[in-house]
Amino acid sequence: MYNAFFGFSESPFNLSPDPAFFYRSEQHEEALANLVYGVQARKGFIVLTGEVGTGKTTMLECLRDYMEAQFIEFAFLFNSRINAEQFFEMIAYDLDLPCSRTSKTEVLFALNQLLVEQAQDGRTVVLIVDEAHNLEWEVLEEIRLLGNLENRNGKLIQIILAGQPELDRKLDAPNLRQLKQRIVLRCNLQPFTLRDAVEYIESRLEHAGMPNQSVFPEELMAEIHLRTQGIPRVINAVCDNLLLSAFAAETKTCTVEMLDEVCEDMRLEWPGSRRRARMREEAEALQRTPFQA
Ligand SMILES: Nc1ncnc2c1ncn2[C@@H]1O[C@H](COP(=O)(O)OP(=O)(O)OP(=O)(O)O)[C@@H](O)[C@H]1O
Ligand SMILES: [Mg+2]
C-alpha cells in the first residue's frame, strides 16, 4: 500500500519466513552453520529452539535453500499435529517414495531403500520437523527409531527438530531419555540485541530498495527494540504499522507518537509499559473497592 510512496520494490516487513530477507545476526549465522554442519557431517539428531517469532522457520527455509542447491533429499514436515500414520504418509509424500503411502511397513521399507542408495552415493537424507513441540509421544518415538538407522560412516538420516522452548522440556521427560541422549547438536535463537534489531530493520529496508534509510530515526529504533523485546516478528508488525501511519500522515519519517499509537492499537505490552501500569492500577483500585451486594 505504501510501497510506491517510500519507493520500496517490495514490502520490507512482511510476516512470511522469506529467506531472501534473512538477516545474519551472529547467533542466526552460528545456528545456521550448525544446522548445515550437522547435515554435512551426518550427526543424526539436531534440535533448534527459540521463543515464538524468533526466526526458527525462516532459518529452516534457509536450510531448505541450501539442501536444494546441494541436491540433498529431504522431507519437511511443518504440521506437527499428526499421528504416527500421518507422519509416515507425509514422509512418503515428501520424499516421493515408490510405495503405498498408507502402509507403515511399505514406507519404512522404501525409506530404508532410499537411505541405503543415497549412502552408497556418499549422500544423506534429511527430515525436518517444524513446530516439533507439538509432536505426540508416539510420533517422537517413531522419530527416535528412524534415528537408529546408520552405517559405519554415520547416520543415514539427519533429523532436525525445531520448536518453541517447550520442546526442550518435552525432551527432558523420562520416557524420552533415549531420544534426548541422541541429540548431538543444539541451537537456540534468542531475541535480538539492540544492535541486531537496528541492523535487522536497516537490512530489511535495504533489501526492499532503501539502502540509507531515514524513516526510522536512531532513538525510535531503540524504542522499537524495547517495546518489541527484540522479537523479529513483533518488530516486523510494528514497523509495518509505523510505515502505514507515516504514509497516512504523508511524511517519510516515523515518530515516537506514531509508535505510541501503533503499540496501543496492537495492545503491545513490554516491561514498564503504561498499559501494564494502568492495568495494575485498575486491578488495585478494584481490590480497594468495598464489595457491594
Ligand atoms: N534472521 C532473520 N532475518 C530476517 N527475518 C527474520 C529473521 N528472524 C525472524 N525473521 C522474521 O520474523 C518473522 C517470524 O519469523 P519465523 O516465522 O521464522 O519465527 P518462528 O521462530 O518460526 O516463530 P513461531 O515460534 O511462531 O513458529 C518472519 O516474518 C521472519 O521473516
Ligand atoms: Mg515457526
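How many residues of domain 1 are in contact with how many residues of domain 2?

1. Four residues of domain 1 are in contact with four of domain 2, contact being C-beta atoms, placed from the backbone, within 7 Å. On the side of domain 1 that touches domain 2 there are three polar residues, one charged and no nonpolar. Nonpolar means Ala, Val, Leu, Ile, Met, Phe, Trp, Tyr, Cys and Pro; charged means Asp, Glu, Lys and Arg; the others, Gly among them, are polar.

2. This is a predicted model, in which local features need pLDDT of at least 70 and side-chain atom pairs pLDDT 80 or more, while totals for chains, interfaces and linings use all residues. Residues are numbered from 1 along each chain as its sequence is written, and chains are lettered from A and ligands numbered from 1 in the order in which they are written.

3. Domain 1 spans 26–189 and domain 2 spans 192–283, with bounds from an automatic or database domain assignment. Their centres, taken over C-alpha atoms, are 35 Å apart.

4. An open sheet of five strands runs in the order S2-S3-S6-S1-S7, with parallel pairing. Strands are DSSP runs of E, at least two residues, and helices of H or I, at least four, numbered from the N terminus; pairing requires at least two DSSP bridges. Strand S2 (73–77) and strand S7 (183–189) are at the edges with a single partner strand each, so one side of each has no neighbour in the sheet.

5. Strand S3 (residues 125–129) pairs with strand S6 (residues 157–163) over five bridges. Valine 129 is opposite leucine 161 in S6.

How values were computed. Contact = placed C-beta atoms within 7 Å.
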